[in-house]
Amino acid sequence: MHWILLAIGVGIEIAASASLMLSDGFTKIGYALLTLACFGVAFYFMSLVVKTMPVGIAYSVWAGGGIAGVTLMGAAFFGQSLDGFAYLGIGLILAGVVVLNALSTAASA
């Protein structure tokens, strides 16, 4: 269950990052409020996850998923261009998360 909560939290954190960009430096109040709400909910989900998962593992998956997700979202929705090295970096981040979860005993809770 903690993996599902973590995935939801990462997804909400990615949405928060999108609304942060759209808030135009918090000058657009609707997007600013959405940003704060999304980050609050995302951290709430993280607080549930760390009850049953080691915080270091949870945060590594959170950060890796967030970095990859926000980067891909920027390319897909905001016209930010990515080169081969950007995709390689995203792949390495995701590979690290897979290795951490599939091969490391540190991830078992």
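The following legends describe close-up views of a predicted model.

**Figure 1. Overall arrangement of the chain.** The predicted chain contains 4 helices and 0 strands, and from the N terminus its elements follow the order α-α-α-α. Along the principal axes, the C-alpha atoms occupy a box of roughly 45 × 35 × 15 Å. Of the 109 residues in the chain, 33% are buried. Among contacts with a separation of 6 or more, 63% join residues 24 or more positions apart.

**Figure 2. Packing of helix α1 against helix α2.** The two helix axes come within 8 Å and cross at roughly 160 degrees. Because angles over 145 degrees count as roughly antiparallel, α1 and α2 are therefore described as roughly antiparallel to each other. Their crossing is left-handed. On the α1 side, the contact is made by His2, Leu5, Leu6, Ile8, Gly9, Ile12, Glu13, Ala16, Ser17, Ser19, Leu20 and Leu22.

**Figure 3. Packing of helix α1 against helix α3.** Helix α1 spans residues 2–22 and helix α3 spans residues 55–77; their axes come within 9 Å and cross at roughly 40 degrees. This angle makes α1 oblique to α3, and the crossing is right-handed. From α1, the residues in contact are Trp3, Leu6, Gly9, Val10, Glu13, Ile14, Ser17 and Ala18. Their partners in α3 are Ala58, Val61, Trp62, Gly65, Gly66, Gly69, Val70 and Met73. The contact residues of this pair divide into 10 nonpolar, 5 polar and 1 charged.

**Figure 4. Packing of helix α2 against helix α3.** The axes of α2 and α3 come within 10 Å, with a crossing angle of roughly 145 degrees. The crossing is right-handed. Ala42, Phe43, Met46 and Val49 of α2 meet Ala58, Tyr59 and Trp62 of α3. This contact has 7 nonpolar residues, no polar residues and no charged residues.

**Figure 5. The largest nonpolar core and the surroundings of Leu6.** The largest nonpolar core has 20 residues, and those with the most contacts inside it are Leu6, Met46, Val49, Met53 and Trp62. The elements that give two or more residues to this core are α1, α2 (29–49), α3 and α4 (84–102). Helix α1 gives the most, with 7 residues. Beyond its neighbours within four places in sequence, Leu6 is in contact with Met46, Val49, Met53, Ala58, Val61 and Trp62.

**Figure 6. Ser17 in helix α1.** Ser17 lies in helix α1. Its relative accessibility is 18%; because the cut-off for burial is under 20%, Ser17 counts as buried. Apart from residues up to four places away in sequence, Ser17 touches Phe39 and Val70.

**Figure 7. Ser23 in the loop between α1 and α2.** Ser23 lies in the loop between these two helices. This residue is buried, with a relative accessible area of 0%. Excluding residues up to four places away in sequence, Ser23 touches Lys28, Tyr31 and Ala32.

**Figure 8. Thr35 in helix α2.** Thr35 lies in helix α2 and, at 1% relative accessibility, counts as buried. Not counting residues up to four places away in sequence, Thr35 touches Ala16, Ser19, Leu20 and Phe26. Thr35 and Ser23 are 12 residues apart along the chain, and their C-alpha atoms are separated by 7.9 Å.

Definitions and conventions. Residues are numbered from 1 along each chain as its sequence is written. This is a predicted model: local features need pLDDT of at least 70, side-chain atom pairs count only at pLDDT 80 or more; totals for chains, interfaces and linings use all residues. Side-chain values use heavy atoms; hydrogens and water are left out. Axes are lines fitted to C-alpha atoms, for helices over the stretch in contact, and angles run from 0 to 180 degrees between N-to-C directions. Angles under 35 degrees count as roughly parallel, over 145 as roughly antiparallel, 65 to 115 as roughly perpendicular and the rest as oblique. A crossing is left-handed if the near helix is turned anticlockwise from the far one by less than a right angle, and right-handed if clockwise. Contact means heavy atoms within 4.5 Å. Ala, Val, Leu, Ile, Met, Phe, Trp, Tyr, Cys and Pro count as nonpolar, Asp, Glu, Lys and Arg as charged, and the others, Gly among them, as polar. A nonpolar core is a set of buried Ala, Val, Leu, Ile, Met, Phe, Trp, Tyr and Cys residues joined through side-chain atoms within 4.5 Å. Buried means under 20% relative accessible area, exposed over 50%, partly exposed in between (1.4 Å probe, protein chains only).
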